[in-house]
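This report describes a protein chain through its helices, its salt bridges and its surface. Please look at the sequence and the structure before reading on.

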Amino acid sequence: MAQQQRIQRIILTGAVAGITATGAWYGAGLKARQEFKQEIQARRDATPAEKIAQLESARDSLLARRSGLERKIADLEARKSKETASNGGRAASTGQERR
């Protein structure tokens with residue numbers, strides 16, 4: 001009898017935990033969809049000046065990303081040229097040479 005109650009309690013606990021987790025996951029999905037719809041509506045309702053400001057902000061972030069990538073490329077090329085110079089004019093054999 002005690003063994004059966006223990007099993008029932010474990011099953012009930014697992015079921016409650018599963019229902020709680022599923023509800024939390026579903027609610028988070030609903031909230032995300034609602035926020036997405038609100039964001040889309042805000043974009044539609046934005047004035048031309050607000051739209052221009054949003055586009056300028058996006059442009060600034062893209063330019064910042066571009067400059068960061070250009071800096072990384074320059075560093076990589078400098079390192080590669082330094083490595084080539086230290087190897088007497090031949091490229092190091094790393095197995096990743098350009099083709």
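Arg-43 and Glu-39 are separated by about one helical turn, because they stand 4 residues apart in helix α1 (residues 2–45). Between these two residues there is a salt bridge, whose closest N and O atoms are 2.8 Å apart. The term salt bridge denotes a side-chain nitrogen of Lys or Arg within 4 Å of a carboxyl oxygen of Asp or Glu.

The model is predicted: local features need pLDDT of at least 70 and side-chain atom pairs count only at pLDDT 80 or more, while totals for chains, interfaces and linings use all residues. Residues are numbered from 1 along each chain as its sequence is written, and side-chain values use heavy atoms, with hydrogens and water left out.

**Salt bridges**

The search of the whole structure finds 2 salt bridges.

| Salt bridge | Closest N and O atoms |
|---|---|
| Arg-43 and Glu-39 | 2.8 Å |

Arg-43 is partly exposed, with a relative accessibility of 46%. Glu-39 is partly exposed at 41%, and Glu-70 is partly exposed at 43%. Here buried means under 20% relative accessible area, exposed means over 50%, and partly exposed lies in between (1.4 Å probe, protein chains only).

**Helices**

The protein chain has 2 helices and 0 strands. Helices (H or I, at least four residues) and strands (E, at least two) are DSSP runs, numbered from the N terminus. Helix α2 has 39 residues and spans 56 Å from its first C-alpha to its last, close to the 57 Å expected at 1.5 Å a residue; the expected span is 1.5 Å times one less than the number of residues. After α2 comes Gly-88, which has a positive phi near 75°.

**Surface**

Of the 99 residues of the protein chain, 2% count as buried. The accessible surface of the chain is about 9,300 Å², and carbon and sulfur atoms account for 58% of that area. Such areas come from the Shrake-Rupley method with a 1.4 Å probe, and for residues only the protein chains shown count as cover.
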